Amino acid sequence: MNGDYSSPQDLAWKCRKCNINLIVGPATLTYMGNRMTANLSQCPICGYVLISEELALGKMAEVEQVLEDK
Amino acid sequence: MDQKELRLLENQCIQEEPPECMAACPIHLDVRVFVGQMARGAFHEAWKVLRKTMPFPGILGRICDAPCRDHCKRTKAGQAIEIGLLERACVTTSVPKQRILALPKKEKRIAIVGSDLDSLTAAWDLSRKGYGITLFESGEQLGRSLLAMPEAILPRDVVAKEILDLDELGVEIRLNSPIHDKFFLAYLHRGFDALYLGQGDIAELRDEDNGIFACGSSQHGGAGSPVWQAAEGRWAATSMDRYLQKVSLTAGREKDGPYPTKLYTRTDGVIPLPTVQPLDQVQGYTQDEAIREAGRCLQCQCLECVKVCAYLKHFGGYPKKYAREIYNNDSIVMGSRQANKLINSCSLCGLCEAVCPEDFAMQTLCIEARRDMVQKGKMPPSAHEFALLDMAFSNSEQFAMVRHEPGHKASTSVFFPGCQLSASAPAMVKRAYAHLRQIIPGGVGLMLGCCNAPASWAGQEDRFQTEFSGLRDQWISLGRPDIILACSTCYQIFQTYLPEAKIKSLWQVLDEKGLPGDLSVKHGAVPLTVHDPCTTRHEPETQQNVRNLLRRLGQPYEELELGRNHTECCGFGGLMQNANPDLAKTVVQRLSGQSSADYLTYCAGCRDNLAASGKRAVYILDLIFPDTAMPDPGSRKRPGWSLRQENRIRLKDELLNELWREGSRKMADTRADDHEKIILNISPEVQQTLEDRRILIPDIQKVIHHAESTGEALFHPATGHYMTAFKPYKATFWVEYSVSACGFTLHNAYSHRMEVAGKGQP
Ligand code: SF4
Ligand code: SF4
Ligand code: SF4
Ligand SMILES: [Zn+2]
């Protein structure tokens, strides 16, 4: 699921620990021995990644299903 | 499953067997499709169907004597379809000229003697196969017997026009041939690679080893039948083709002529309809009459199982197809396993087997495929996870327990209420247990836990065996008492895996030993409709026990059409609900819709599933141990996933406290975990979201507790909401919440299974 999966609403969130706005940056996704990179909203300091509801229940669920059926 | 097993399974489902009409037709016209097109008024399409199988449809379609008619299934509900008249109606409407397709020309040459329908058919078939054909006729015209028919039935110009097709195929025609001359025949035998002697002509000279073939209609007694004649020509053509290709003349030809078909088509319940009579008895049907007559065709097929199972219907096929899909799924090396969903969605209820004329058991196919997938490590991890976690919960300290009756050192019986009843109606467990202690002497022990059916349904054999041997040990520790089971799934599991134990359903015990004396509540005169749990399919005694109880309670009841051994699953069985929640909803909706009356059932899982679908449903213990605080048990809502676990925790806690005086355990230990102290405010909408997404309150508490103790979260300045993720086991839960006056307000929650790591500043 390589690509850009951040949305403008995501960037309204701040990292509570680092007290800084989220940015869009690369993140690693792993599932069942598969590894992918994607651009996701995250904290520029600690790297805390936001997975939005839309992403979790949409594209991500779809990819999980494909990998489980491989 | 290997190729051979697949073949056996595929053959067991007879859905693809031909209908009676087609099997009885000497040339196996696809009558069902033909009549289907006629019913739609698609005369050109119908004509194409004829053309595929029938030589000279313009001729044969007018004069076919339709021996298939006697076999038509419609006779079971009215009269046979007038297939012959429909053929006539089809070919007498004008049709566009179709190009005749033929294979490339071959070297070999064949002589055909005679020009009746058999010879014409042989010429037609063999020329289309590419052979060079010469047709020898003793008379001055082709098709003398055809031309002799009444003009109104078979106009001469139609015969002439149809025979022209042979010209188009390059058939050479020799009239006035001395075919009765021995020397002439010897000449043909020398000059051609094979020879066909038509009907009525010197057929006794047949010598197939030497390439002389002949009409064999005398053997079939079909001399007067045009379609038999055509069939004779066709079979001879096949033999000649095989002779010239030097392959076996006879292999695989059992179905050349009419044969018995195994196709089953149910006709009870079909409204009988008489034949549509043509106004014009000579010319036959008008188009409109033909459409009406064709409309009576049953379009014979089986699909008995698909008619009663929403699951089988959902995947768009039938067991024969599914067997192949499941086989392919197993043999796949690379790429996506397309049938995983199919395999995991079956509720394993066994209704298919019960209704199938050939006893096809889809549930066996599915459970074996699941076991296979688990063994090969190919089972999708998410398919059954939620149910297996719930099973683990039931078998944990939180719920599982085993005790002799208070004040007893031994047990003659033990009550095993199961996880679903305890989750759904813990108070009923207490009342039933109290009553059992009254009516059974010698000590009635109690075992709480899950029968581990979910592991079995998930195909996890090893795990099932391990967990179940734990139950066996508990039973042995009680001194092998008789086991009393409230749940029919537990009953099925214990019966199969603990055959050394004497088991009884709670309903049998109550039927034999009596109901509570003070049945003060009068039950309504309004009948309830009995729904038998699918796991009682093969337990007629249990089903009868329940009906006896209803009678004693003075509760009138009605039966479902699909009841007893044909009962439907509520969607709980086989973990269908886990693997395919949407389908499980369809399944329970279907069941709910079978009667408008309130349902009465004796499985807590069925009861709750029905209730969740909006159906009013009463559990039998609601009648036996009426609860004054619940005057309308039919309206009781299904407790949600979290409440189902809480109910089990509380049940164990209260029983230990009230009966065994072991002190209140619940608040003391299990709530000792910090996360369980977190107080949540949850609106009904969010509650529904949690239900739909199967997210449990303790997991939410863990996520918030993690965020609050580590500070790891996101913050939304505009709303003041927090958003945070935590992975208590395999799934990551996201929770959106805010701080409220007391505790936290939950705004949203969802989960995913992928693991994510951000890199921070790129
Ligand atoms: S009931 Fe179903 S499985 Fe059985 S023969 Fe008919 S279509 Fe096939
Ligand atoms: S009802 Fe239709 S499909 Fe069935 S046997 Fe008769 S013609 Fe054939
Ligand atoms: S859900 Fe029941 S009736 Fe349907 S295929 Fe499975 S076992 Fe057969
Ligand atoms: Zn941060």
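This is a predicted model: local features need pLDDT of at least 70, side-chain atom pairs count only at pLDDT 80 or more; totals for chains, interfaces and linings use all residues.

Trainee: Is Cys15(A) buried or exposed?

Mentor: Its relative accessible area is 2%. Buried means under 20%, so Cys15(A) is buried.

Trainee: And which class does Cys46(A) fall into?

Mentor: Cys46(A) has a relative accessibility of 43%. Values between 20% and 50% go in the middle class, so Cys46(A) is partly exposed.

Trainee: What is the geometry at the zinc ion (ligand 4)?

Mentor: The SG atoms of Cys15(A), Cys18(A), Cys43(A) and Cys46(A) coordinate the zinc ion (ligand 4) at 2.2 to 2.3 Å. Angles among the four donor atoms run from 107 to 114°. Four donors pass as tetrahedral if all angles lie between 85 and 135 degrees, so the site is tetrahedral.

Trainee: How many residues apart in sequence are the parts that Cys15(A) and Cys46(A) tie together?

Mentor: The donor spacing reads C-x2-C-x24-C-x2-C. Cys15(A) sits in strand S1 of chain A, while Cys46(A) is in the loop between strand S4 and helix H1, so the pair links parts that are separated in sequence by 31 residues.

Trainee: How many nonpolar residues are in the shell around ligand 2?

Mentor: Its surroundings include Cys21(B), Ile81(B) and Leu298(B), along with Arg32(B) and Lys73(B). The shell has two charged residues and no polar ones, and its nonpolar residues number six.

Methods: Residues are numbered from 1 along each chain as its sequence is written. Chains are lettered from A and ligands numbered from 1 in the order in which they are written. Side-chain values use heavy atoms; hydrogens and water are left out. A residue is near a molecule or strand if one of its heavy atoms lies within 4 Å of it. Ala, Val, Leu, Ile, Met, Phe, Trp, Tyr, Cys and Pro count as nonpolar, Asp, Glu, Lys and Arg as charged, and the others, Gly among them, as polar. Donors are N, O and S atoms within 2.8 Å of the metal (3.2 Å for Na, K and Ca); water is not among the atoms, so sites may look incomplete. Four donors count as tetrahedral if all angles lie between 85 and 135 degrees; four count as square planar and six as octahedral if opposite donors are over 155 degrees apart and all others between 65 and 115; anything else is irregular. Helices (H or I, at least four residues) and strands (E, at least two) are DSSP runs, numbered from the N terminus. Buried means under 20% relative accessible area, exposed over 50%, partly exposed in between (1.4 Å probe, protein chains only).
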